[in-house]
Amino acid sequence: MKILIVCPDWFPNISGFGTACYQFVKELQNQKHEVIILVPKIKDLDNKQLKIITVPKLFNLLGRNPFVVNYLPKLRKYSKEADIILLY
(Lines give C-alpha, C1' and ligand atoms only; values in the text may rest on other atoms or scores of the structure.)
Protein backbone atom coordinates (compact mmCIF):
# COMPACT_ATOMS: atom_id res chain seq x y z
CA MET A 1 0.00 0.00 0.00
CA LYS A 2 1.22 3.55 -0.75
CA ILE A 3 0.89 5.91 2.19
CA LEU A 4 1.47 9.67 2.32
CA ILE A 5 2.08 11.11 5.78
CA VAL A 6 2.04 14.85 6.47
CA CYS A 7 4.04 15.69 9.59
CA PRO A 8 4.46 19.24 10.96
CA ASP A 9 7.89 18.61 12.49
CA TRP A 10 10.89 16.42 11.73
CA PHE A 11 14.42 15.67 12.81
CA PRO A 12 16.79 17.19 13.92
CA ASN A 13 13.97 18.82 15.92
CA ILE A 14 12.90 16.56 18.74
CA SER A 15 9.15 16.56 19.19
CA GLY A 16 6.28 14.21 19.82
CA PHE A 17 5.06 14.65 16.23
CA GLY A 18 8.38 13.79 14.62
CA THR A 19 9.13 10.89 16.95
CA ALA A 20 5.66 9.35 16.66
CA CYS A 21 5.65 9.78 12.89
CA TYR A 22 9.10 8.20 12.54
CA GLN A 23 8.17 5.18 14.67
CA PHE A 24 4.91 4.73 12.75
CA VAL A 25 6.71 4.94 9.39
CA LYS A 26 9.27 2.33 10.45
CA GLU A 27 6.47 -0.04 11.46
CA LEU A 28 4.65 0.53 8.16
CA GLN A 29 7.86 -0.21 6.26
CA ASN A 30 8.34 -3.41 8.27
CA GLN A 31 4.91 -4.42 6.94
CA LYS A 32 6.17 -3.70 3.37
CA HIS A 33 4.19 -0.48 2.78
CA GLU A 34 5.63 2.32 0.64
CA VAL A 35 5.66 5.55 2.68
CA ILE A 36 6.30 9.16 1.64
CA ILE A 37 6.57 11.84 4.34
CA LEU A 38 5.75 15.50 3.63
CA VAL A 39 7.46 17.87 6.09
CA PRO A 40 8.40 21.56 6.38
CA LYS A 41 11.87 22.35 5.09
CA ILE A 42 14.19 22.96 8.03
CA LYS A 43 17.91 23.50 8.38
CA ASP A 44 19.98 20.31 8.66
CA LEU A 45 16.97 18.06 7.96
CA ASP A 46 17.76 14.42 8.76
CA ASN A 47 15.81 12.20 6.38
CA LYS A 48 16.59 9.09 8.46
CA GLN A 49 17.01 7.20 5.14
CA LEU A 50 13.29 7.65 4.41
CA LYS A 51 11.54 9.19 1.42
CA ILE A 52 11.06 12.79 2.59
CA ILE A 53 9.45 15.58 0.56
CA THR A 54 9.97 19.10 1.91
CA VAL A 55 7.70 22.13 1.69
CA PRO A 56 9.16 25.65 2.05
CA LYS A 57 8.47 27.28 5.41
CA LEU A 58 8.00 31.04 5.81
CA PHE A 59 8.19 31.21 9.60
CA ASN A 60 7.00 29.52 12.79
CA LEU A 61 3.74 30.44 14.49
CA LEU A 62 3.59 30.41 18.29
CA GLY A 63 6.81 28.51 18.80
CA ARG A 64 7.70 25.75 16.34
CA ASN A 65 4.40 25.52 14.42
CA PRO A 66 5.44 25.95 10.77
CA PHE A 67 3.66 28.30 8.39
CA VAL A 68 4.35 26.66 5.02
CA VAL A 69 3.93 27.77 1.42
CA ASN A 70 3.15 25.66 -1.67
CA TYR A 71 1.73 23.00 0.62
CA LEU A 72 -1.39 22.20 -1.40
CA PRO A 73 0.32 21.69 -4.79
CA LYS A 74 2.73 19.15 -3.28
CA LEU A 75 -0.08 17.48 -1.33
CA ARG A 76 -2.11 17.15 -4.55
CA LYS A 77 0.89 15.85 -6.49
CA TYR A 78 1.84 13.11 -4.05
CA SER A 79 -1.69 12.22 -2.94
CA LYS A 80 -2.65 11.13 -6.48
CA GLU A 81 -0.58 7.99 -6.09
CA ALA A 82 -1.32 7.39 -2.40
CA ASP A 83 -3.86 4.87 -1.18
CA ILE A 84 -3.99 6.56 2.24
CA ILE A 85 -3.15 10.07 3.45
CA LEU A 86 -2.39 10.57 7.14
CA LEU A 87 -2.28 14.07 8.60
CA TYR A 88 -0.44 14.43 11.91
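Modeller: Let us start with exposure: a residue is buried under 20% relative accessible area, exposed over 50%, and partly exposed in between. Please note that this is a predicted model. Asp 46 has a relative accessible area of 32%, so this residue is partly exposed.

Biologist: Which residue does the side chain of Asp 46 meet in a salt bridge?

Modeller: A salt bridge requires a side-chain nitrogen of Lys or Arg within 4 Å of a carboxyl oxygen of Asp or Glu. Here the partner of Asp 46 is Lys 48, with 3.6 Å from N to O. The count by this rule is one salt bridge. Lys 48 is itself partly exposed, at 30% relative accessible area.

Biologist: Where in the chain do Phe 11 and Tyr 22 lie?

Modeller: Phe 11 belongs to the loop between strand E1 (2-6) and helix H1 (16-30), whereas Tyr 22 is in helix H1; the pair therefore ties together parts that are eleven residues apart in sequence.

Biologist: Are Phe 11 and Tyr 22 buried or partly exposed?

Modeller: Phe 11 is buried, its relative accessible area being 12%. Tyr 22 has 24% relative accessibility and counts as partly exposed.

Biologist: Over which rings does the charged end of Lys 48 sit?

Modeller: For such a contact, NZ of Lys must be within 6 Å of the ring centre and within 35 degrees of the ring normal. The charged end of Lys 48 sits over the ring of Phe 11, at 4.5 Å from its centre. The charged end of Lys 48 also sits over the ring of Tyr 22, 5.7 Å from the centre of that ring.

Biologist: How many disulfides does the structure hold?

Modeller: A disulfide needs two cysteine sulfur atoms within 2.5 Å, and the structure holds zero. The cysteine sulfur closest to that of Cys 7 is in Cys 21, at 3.9 Å, which is too far for a bond.

Biologist: Are Cys 7 and Cys 21 buried or exposed?

Modeller: Cys 7 is buried, at 1% relative accessibility. Cys 21 is buried too, with a relative accessible area of 0%.

Key:
Residues are numbered from 1 along each chain as its sequence is written. This is a predicted model: local features need pLDDT of at least 70, side-chain atom pairs count only at pLDDT 80 or more; totals for chains, interfaces and linings use all residues. Side-chain values use heavy atoms; hydrogens and water are left out. Helices (H or I, at least four residues) and strands (E, at least two) are DSSP runs, numbered from the N terminus. Buried means under 20% relative accessible area, exposed over 50%, partly exposed in between (1.4 Å probe, protein chains only).
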